[in-house]
Amino acid sequence: MNHALRAEFPVLETCVYLNSNSTGAIPRGAEAVLRRYWETLRTWRDDAWYGWLGEFDDYVRALAEFLGATPETVVIDTNLTTLLGRLATCFDFAAERAKVVITDQEFPTVPFLWQGFAKYGAQPVTVEFDTDAVVSAIDERTLLVCVAHGSYLTGGLLDLERIVARAHEMGALVIVDAFQTVGVVPIDLRTLRADFVLGGAHKWLCGAHTAFLYAREELLPTLRPAATGWFAGADPLSFRPARDWAADARRLAGGTPIPLTAMLSRVGLDLLAEVGVRAIREHSLRCTERVLARADEAGIRVRTPRAAPRRGGVVSLSFPGDHEAQQRLSERGMVCSWREGLRVAPHIYNTLDEVDAFMDALVAERKESHA
């Protein structure tokens, strides 16, 4: 464990923090960004926008490099819902192909959004969160396959390569929600060939609340979003009425951007990029293996797939009184989250000793609850 890296995350001084699948630890360098931002506001001049937009673009470039993409294929906005909804307006659901394949473990945004697009002809079909089930559901009527890389409930992973290959064979496009995995599970967009990938910074990327959308370069000229804004125009800073969309992924942007979240998120991204996502993955697997072993030893039921290729960065444990147990653990200084199970999510800044301390507390909690 890199102790210098741990020192960059102040929350680790106050608790055992195993909650990165919900909200990643924020590095102390974010404080300097906030101070600088306030100083800009305190001495406001309109020229500040040019500096802000430069930092905004710098974050997009750094994020694209981390993902194995080019900056021209990545756009950022406030949240994934906004970006997915905007992307959905690019498709014609009145044609023969209108089927949208999703799974039963998508984050609530996804089924809710496609339910809304049913009024325009979209035909969402829900299948089990299982690679074979997704592949079997893709047919000649499928327009889109919109699936999470990792389940927010169990931490299980889908085999994206198989899904992308089947979708492309049938003439369908793939939208990947990587919010639960980006930053802890390697995703190389150069080799994956997914058509669209979405994610965000405030979980495993240790950033603020900002989201991204990657669009495969060959598809960009075909995307004509309806729900967009002035910043998606070819020359927004001319402040003239837009005649056409931007040539790159910025055509999927919205209105006035929010530079602060990108500036804050850059701090964590730089720290993780220096470590490298493959080293992060190796450490994550060591930590989650320890959680699995300790859970088995204590007789605690595991809801997460055990095989490393099918497991993301989180282990979900079935535990009596899960939500209340989460609160009591927090009072002991042991921070995790609950979504139909206790979700334990060690990251690169955590140690195996912390994992053991958490499991010791969990075992003690279990004994007390059975007393």
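Trainee: Which residue in S8 stands opposite Val-74?

Mentor: Before we dig in: this is a predicted model, so local features need pLDDT of at least 70 and side-chain atom pairs count only at pLDDT 80 or more, while totals for chains, interfaces and linings use all residues. Residues are numbered from 1 along each chain as its sequence is written, and side-chain values use heavy atoms, with hydrogens and water left out.

Now, the residue you want is Tyr-214, which stands opposite Val-74. Helices (H or I, at least four residues) and strands (E, at least two) are DSSP runs, numbered from the N terminus. Val-74 belongs to strand S2, residues 74-77, and S2 pairs with S8 (residues 211-215) in the antiparallel sense over four bridges. Pairing here takes at least two DSSP bridges between the strands.

Look at the side chains of S2 next: Val-74 and Ile-76 point one way, Val-75 and Asp-77 point the other, and all are buried. Buried is under 20% relative accessible area, exposed over 50%, and partly exposed in between, with a 1.4 Å probe and protein chains only.

Stepping back, S2 is part of an open sheet of seven strands, ordered S2-S8-S7-S6-S5-S3-S4, with mixed pairing. S2 and S4 (123-127) are the edge strands, each pairing on one side only. On average, neighbouring strands are turned by 20 degrees against each other, direction ignored. For a parallel pair, go to S6 (residues 173-177) and S7 (residues 196-200), joined by three bridges; there Val-176 stands opposite Val-197 in S7.

Helix H3 (residues 48-67) packs on the sheet and touches S2 and S8. The direction of H3 makes about 125 degrees with that of S2. Contact means heavy atoms within 4.5 Å; angles run from 0 to 180 degrees between N-to-C directions, and axes are lines fitted to C-alpha atoms, for helices over the stretch in contact.

One more helix to check is H2 (residues 29-42), which holds Tyr-37. Tyr-37 is buried, with a relative accessible area of 16%. Leaving aside neighbours within four places in sequence, Tyr-37 is in contact with Trp-52, Leu-260 and Met-263. Leu-18 sits 19 residues from Tyr-37 in sequence and 30 Å away in space, C-alpha to C-alpha.
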